[in-house]
Amino acid sequence: MSGEGGGRERLCLVTGATGYIGGRLVPELLAAGYRVRCLARTPGKLRDHPWADQVEVVKGDVTDGPSVREALRGADVAYYLVHAIGSGRDWEATDRLAARTFAEQAREAGLRRLVYLGGLTPPEVPEHELSPHLRSRAETGRILLDSGVPTAVLRAAVIIGSGSASFEMLRYLTERLPVMVTPSWVFTRIQPIGVRDVLRYLVGAAALPEDVSRTFDVGGPDIVTYRDMMRCYAEVAALPRRLIVPVPVLTPGLSSHWVGLVTPVPAAIARPLTESLRHEVVCREHDIARYVPDPPGRPVPLTEAIALALRRVQEAQVTTRWSSASPPGAPSDPLPTDPDWAGGSLYTDERELPVDASREALWRVVEGIGGSHGWYSFPLAWAVRGWLDRLVGGVGLRRGRRDPERLRAGDSLDFWRVEEIERGRLLRLRAEMRMPGLGWLEMRVDDDGPGRSRYRQRAVFHPHGLLGQAYWWSVSPFHAVVFGGMARNIARAAARSERTGGTLRPAPGPAPPAGP
C-alpha cells in the first residue's frame with residue numbers, strides 16, 4: 001500500500017491519531033514499513049491501542065508552534081488530520097490558525113511531504129457560498145498547499161466505514177425510521193468512498209514524487225443520492241424498503257436536531273455534515289490512480305462498503321469511531337488529587353461494598369458498564385439526563401461503546417470518556433455531558449479475602465461558580481438512588497456472573513443501545 005519507493009526508514013508524523021481516520025491510518029503506515037510518530041494533546045488516550053508500543057508519541061497541539069516544531073523534528077511526511085468543527089463560534093478561525101501554524105512549521109522543518117484529508121467541493125459554487133464545514137476544509141487545504149512543502153490534498157465526500165459519523169447517521173436513520181420525512185438534501189448527488197480506500201490512498205500519498213503538489217478527488221465507483229444510500233443500506237441489512245418523503249421546509253438547523261434526535265451523532269457535529277449535503281459532491285478526476293494504482297475490485301462499490309462496515313459493527317470489531325476524539329469543548333482536565341485544586345470546592349459521593357464474587361468477576365462487570373449493559377441504577381434518571389444533554393447540544397447517552405467488553409484509555413462511553421484504566425483494578429471516567437462544572441466517576445476493585453472482592457465507587461464534581469454549586473445541591477438528593485443503587489447492583493451483577501460462569505446480563509430496565 002505504500003506505493004513506489006516503500007516506507008523503509010522514513011518517519012511519518014500523524015496528527016489526529018486519537019480520531020477516526022488517524023487511529024486507523026497508524027497501523028496501515030506501520031504495515032507499509034514506515035516509522036510513525038503521533039502528535040496528541042492527551043498522549044494517554046493512545047496508550048491502549050494495539051500499536052501503541054510500535055510508535056513514538058509526543059504531546060502537543062497543532063495551534064502551538066513550539067510543540068509542532070518539536071513533533072516535526074526529523075519527520076519526512078506529516079499527515080494533517082485534525083479540525084475544530086463545532087468547537088464554538090470561532091471554530092473556522094481556530095482551523096485557520098492551526099493550519100497556518102502547521103504549514104509554517106512544516107516549511108521551516110524542511111518536511112518532504114504534507115498529506116491532508118479534506119472535503120470534496122463542487123467547482124461551480126464559490127467558496128464563500130459553501131457550507132462552513134466545506135469552506136473551512138477548502139481553506140485548510142489551500143493554506144497547506146501554499147506552505148512551500150509538497151502537499152497532497154485528498155478530497156473525499158461521504159466516508160463509509162464502521163464507526164464513521166457519516167455511516168452512523170446513515171445506519172441509525174435507516175434502521176430506526178421505516179417511514180422518513182426528510183430534508184430535500186436526500187436528493188443531492190454524492191460520491192461516497194469506503195474507508196479502506198481512503199486509507200490506501202493516504203498511505204500511498206506518502207510516496208508521491210516531490211514535484212507533485214495538488215488536490216486529488218477520491219471517491220468510490222458509485223454516484224448516488226442520500227436516498228439511494230439509505231435504500232442501499234436497508235437492502236444490505238435485510239430491512240423492509242424504507243418510505244422516504246422529502247420536505248423542503250427542514251432547514252440545516254432543524255435537520256441537525258432531527259439527526260441528533262434519531263442518531264448518536266449530536267447536533268453540533270450533525271449540523272456541519274447535513275449543511276454540506278446540500279452541495280453536490282462528485283469527483284471530477286481520478287488522477288490519484290496514476291500514483292496509487294487501484295487493485296482489481298477497488299475502489300469498493302457502495303454495497304460492499306456498507307456490508308463491510310455493517311459486519312464490523314455486528315462482530316464488535318470497530319477499531320475507531322467518530323467519537324474517538326473528544327468532542328470540541330469537552331473538559332480535558334485530569335481528576336484532581338488536591339482538595340483545594342484550582343482554589344475551589346470538590347464535592348464527592350463515595351460508596352464501598354463487599355462483593356460475594358471474585359475480583360475477576362467484579363472487574364468484568366465494571367469494564368462492561370454502559371452501552372447495552374446500562375448503568376445499573378434508576379434507568380429513567382439516566383435516560384432523562386441523556387435527553388436533557390442532547391437538548392442543550394451535548395452528546396447524550398447514545399454514543400454507547402466501541403467494544404461490548406473491553407475498554408481502553410480515551411474511549412467514549414455514553415456521555416463519559418475513559419480517562420484512566422488499570423485493568424483489573426481501576427476505571428476512571430470523565431464526564432462529557434453539559435453541566436456547570438467538571439465531573440468524574442471512579443470505580444475500584446480490590447481483593448477482600450478468598451473468593452470475595454471489594455467495590456469502591458467515587459463520584460467527584462468540581463463546580464463552576466454559583467450555578468455549579470446549585471447544580472450539585474439540586475441533584476444530591478438523588479445520589480442515594482442513582483449512585484447507591486449503582487454500587488449495589490454492580491455488586492449483585494458480579495455475584496450473579498460468578499454463579500452463571502461469567503455471563504453478563506443487561507442492567508434492569510431500559511438502557512441505551514450498544515455503540516458501533
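## Basis and terms

Buried means under 20% relative accessible area, exposed means over 50%, and partly exposed lies in between (1.4 Å probe, protein chains only). Helices (H or I, at least four residues) and strands (E, at least two) are DSSP runs, numbered from the N terminus.

This is a predicted model, in which local features need pLDDT of at least 70, side-chain atom pairs count only at pLDDT 80 or more, and totals for chains, interfaces and linings use all residues. Residues are numbered from 1 along each chain as its sequence is written, and side-chain values use heavy atoms, with hydrogens and water left out.

Strand 6 covers residues 151-156, and six of the six are buried, so the strand is largely enclosed by the rest of the structure. In a regular strand the side chains alternate between the two faces of the sheet. Here Thr-151, Val-153 and Arg-155 point one way. Ala-152, Leu-154 and Ala-156 point the other way.

Two strands pair if DSSP finds at least two bridges between them. Strand 5 (residues 113-119) runs parallel to strand 6, joined by six bridges. Gly-119 has Ala-156 as its bridge partner in strand 6.

## The largest nonpolar core

A nonpolar core is a set of buried Ala, Val, Leu, Ile, Met, Phe, Trp, Tyr and Cys residues joined through side-chain atoms within 4.5 Å. The largest one has 42 residues. Those with the most contacts inside it are Ile-21, Val-26, Leu-29, Tyr-79, Leu-117 and Leu-202. Elements that give two or more residues include strand 1 (11-15), helix 1 (20-31), strand 5 and strand 6. Helix 6 (195-205) is also among them. Helix 6 gives the most, with seven residues.

Six strands form an open sheet in the order 14-19-18-17-16-15, with antiparallel pairing. Strand 14 (347-355) and strand 15 (412-413) stand at the edges, each with a single partner strand, so one side of each is left without a neighbour in the sheet.

Strand 18 (residues 437-447) is mostly covered, with eight of its 11 residues buried. Five bridges join it to strand 17 (residues 426-431). Leu-426 stands opposite Arg-444. A hairpin of five residues links strand 17 to strand 18. Towards strand 19 (residues 453-463), strand 18 has 11 bridges. Met-443 is partnered with Gln-457, and Leu-441 with Ala-459. This hairpin also has five residues between its strands, and Gly-449 in the turn has a positive phi of about 100°.

## Helix 7

Helix 7 spans residues 226-236, and its buried residues are Tyr-226, Met-229, Met-230, Cys-232, Tyr-233 and Ala-234. Just after the helix, Ala-238 takes a positive phi of about 60°.

## A nonpolar surface patch

Patches are made of residues with over 30% relative accessible area and no salt bridge, where like charges are joined within 9 Å and nonpolar side chains (Val, Leu, Ile, Met, Phe, Trp, Tyr) within 5 Å. A salt bridge is a side-chain nitrogen of Lys or Arg within 4 Å of a carboxyl oxygen of Asp or Glu. Accessible areas come from the Shrake-Rupley method with a 1.4 Å probe; for residues, only the protein chains shown count as cover.

Phe-378, Leu-380, Val-384, Leu-388, Leu-391 and Val-481 form one such nonpolar patch, with about 580 Å² of accessible area together. Helix 13 (residues 379-391) supplies the largest share, four residues. Leu-391 lies in helix 13 and is exposed, with a relative accessible area of 66%.
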